[in-house]
Amino acid sequence: MGTGMFDYAPAPESRAIVDIAPSYGLFIGGEMVDPTDGTRFKTVNPATEEVLSEVVAAGPQDVDRAVAAARAAYDGTWSRLPGRERGKYLYRLARLVQERSRELAVLESIDNGKPIRESRDVDVPLVAAHFFYYAGWADKLGYAGFGPDPRPLGVAGQVIPWNFPLLMLAWKIAPALATGNTVVLKPAETTPLTALAFADICRQADLPPGVVNIVTGAGDTGRALVEHPGVDKVAFTGSTDVGRQIARSVAGTRKKLTLELGGKAANIVFDDAPLDQAVEGIVNGIFFNQGHVCCAGSRLLAQESIADELLDRLKRRLGTLRLGDPLDKNTDIGAINSPEQLERIRELSAVGEQEGAERWSPACDLPDRGYWFPPTLFTGVTQAHRIAREEIFGPVLSVLTFRTPAEALEKANNTPYGLSAGVWTDKGSRILWMAQRLRAGVVWANTFNRFDPTSPFGGYKESGFGREGGRHGLEGYLDV
Ligand code: NDP
């Protein structure tokens, strides 16, 4: 944004390491195959609008073929393998992700728009960590607290969003495979490329054909997968609206369901918090991944006595954020993933102004091509405002204030969601007091947006149900 004392020279990561094919098929039964009834669509780089490749929107027959392949693999090999053998494959997948980490990071940034600093240092290392972690469980399921010999469910149908394409794939596939299930996964329409690269990794790992199947496509493909009678388990991450539709369509069947949906997390800063650290946490909470994060700290609750000071420091910090080329190693804020999402962010931000909140962004040049939105703050926000209630899913922070811990708690919990929350204070007792009362699946203290495969993640209320990660994450894939 260039308001700092000096500017960095561009430091672009080379994209030569990725080899994007002009078109892709579907990964079914261990092979890339042409669609039967699918059509084709283009996937673009959101930072440049350049067409990257053409992928398949799988049709119902394609989905049917993928489910049949997953069933055959389940019956024929995967469910019969001892856990230690499944574990070996998972370790192999984890190591291949590490070996190909640079390629995967560049590909993720190209297809999604997120800064390379994040895909390289956060997404891809967490993907490998997730496979390593669940590899360790594969031969120890009898000790996980679900009985001496917990059984898998069968075929898992998994639908994931575009904000962490490869990481959400890992969150879905690693526990499913560790527990002995096979998988049909549908990546999001706008971010299919790392899932297709993962298909290649499955082949490289000699994973038995049909254990993992990848069907690309949009909402219709997702619906066909979720509604397929051959699916025993549905796992979904995405919007609360689609989550509701899925819950309806699964109701009355014997499919097991986990839903990881939206959020509107409060990031609560008390007057005794170290303010500079809190500023970093606020920035990480809402501007990480352009705010396309279900557990983003999208509502800042600042204690009144330090609110002005905190906002001054926050604004100064936002002036130093660099927005632009996702492949530049200095970039903090990349591109918005799609024109549709950009439109949603613009619309809700306009509503914020209409409802009387005050809008602020640092001086910021947006690139001419691609989809961009500057980091934005709203002050003077009340709980009734839509920007305090609805998930914006963009780099937009709503700032509210409070006087007492009880008021902070009441405001934080005043949301239909309950995925995450943050507390910034010097007092350990206050952290515990707040954490016990915040209705959120994850509560961070003096940090934000920290992830670890050993730690369960999931929501209360309209943020969904079921947990992913940790020992808890095994349960959704076991017949218990
Ligand atoms: P969706 O919930 O539509 O997308 C999530 C996944 O579900 C995608 O793979 C999508 O396909 C698929 N899908 C869509 N409709 C169906 C259906 N009827 N049955 C089965 N699968 C379906 O999210 P959007 O991308 O439309 O984003 C809309 C809003 O949702 C965002 O603005 C944000 O607020 C919120 N969101 C929240 C996320 C979270 O992690 N909490 C993640 C993503 C979005 P397709 O590829 O066509 O989208």
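This talk covers the ligand site of the structure above, then some strands and loops of the protein.

Please keep in mind that this is a predicted model, in which local features need pLDDT of at least 70 and side-chain atom pairs count only at pLDDT 80 or more, whereas totals for chains, interfaces and linings use all residues. Residues are numbered from 1 along each chain as its sequence is written, and side-chain values use heavy atoms, with hydrogens and water left out.

I begin with the ligand. There are 27 residues around the ligand, and those that come nearest are Ile160, Trp162, Glu189, Ser239 and Leu261. A residue is near a molecule if one of its heavy atoms lies within 4 Å of it.

Next, the polar atoms. A polar contact is a pair of N or O atoms within 3.5 Å; within protein, one must be able to donate a hydrogen and the other to accept it, and residues adjacent in sequence count only if both atoms are side-chain atoms. A polar backbone atom of Glu189 is 2.4 Å from an oxygen atom of the ligand. A nitrogen atom of the ligand lies 3.4 Å from a backbone N or O atom of Arg223. From Arg344, a polar side-chain atom lies 3.1 Å from an oxygen atom of the ligand. How much of the 840 Å² that the ligand exposes when taken alone does the protein bury? The protein buries 89% of that area, as computed by the Shrake-Rupley method with a 1.4 Å probe.

Which elements give two or more residues to the shell around the ligand? They are helix 7 (219–227), strand 8 (233–237), helix 8 (240–250) and helix 11 (339–354). Helices (H or I, at least four residues) and strands (E, at least two) are DSSP runs, numbered from the N terminus. At least three residues of the shell come from each of domain 1 (15–261 + 461–475) and domain 2 (266–445), with bounds from an automatic or database domain assignment.

I turn now to the strands. Strand 8 is joined to strand 9 (residues 256–260) by 5 bridges, and the two run parallel; two strands pair if DSSP finds at least two bridges between them. Within strand 9, Thr258 is the bridge partner of Ala235.

Strand 14 (residues 396–402) has 6 of its 7 residues buried. It runs parallel to strand 11 (residues 299–303), with 5 bridges between them, and Thr401 in strand 14 is the bridge partner of Ala302. Strand 14 also pairs with strand 13 (residues 376–379) in the parallel sense over 3 bridges, where Leu377 stands opposite Leu397.

Finally, the loops. Asn337 is in the loop between helix 10 (304–318) and helix 11, and it counts as buried because its relative accessibility is 3%. The side chain of Asn337 has a polar atom 3.1 Å from the backbone oxygen of Asn112, and a polar contact of 2.7 Å with the side chain of Thr190.

Gln290, in the loop between helix 9 (275–287) and strand 11, is not a glycine but has a positive phi of about 55°. Gln290 has a relative accessible area of 0%, so it is buried.

Technical notes: Buried means under 20% relative accessible area, exposed over 50%, partly exposed in between (1.4 Å probe, protein chains only).
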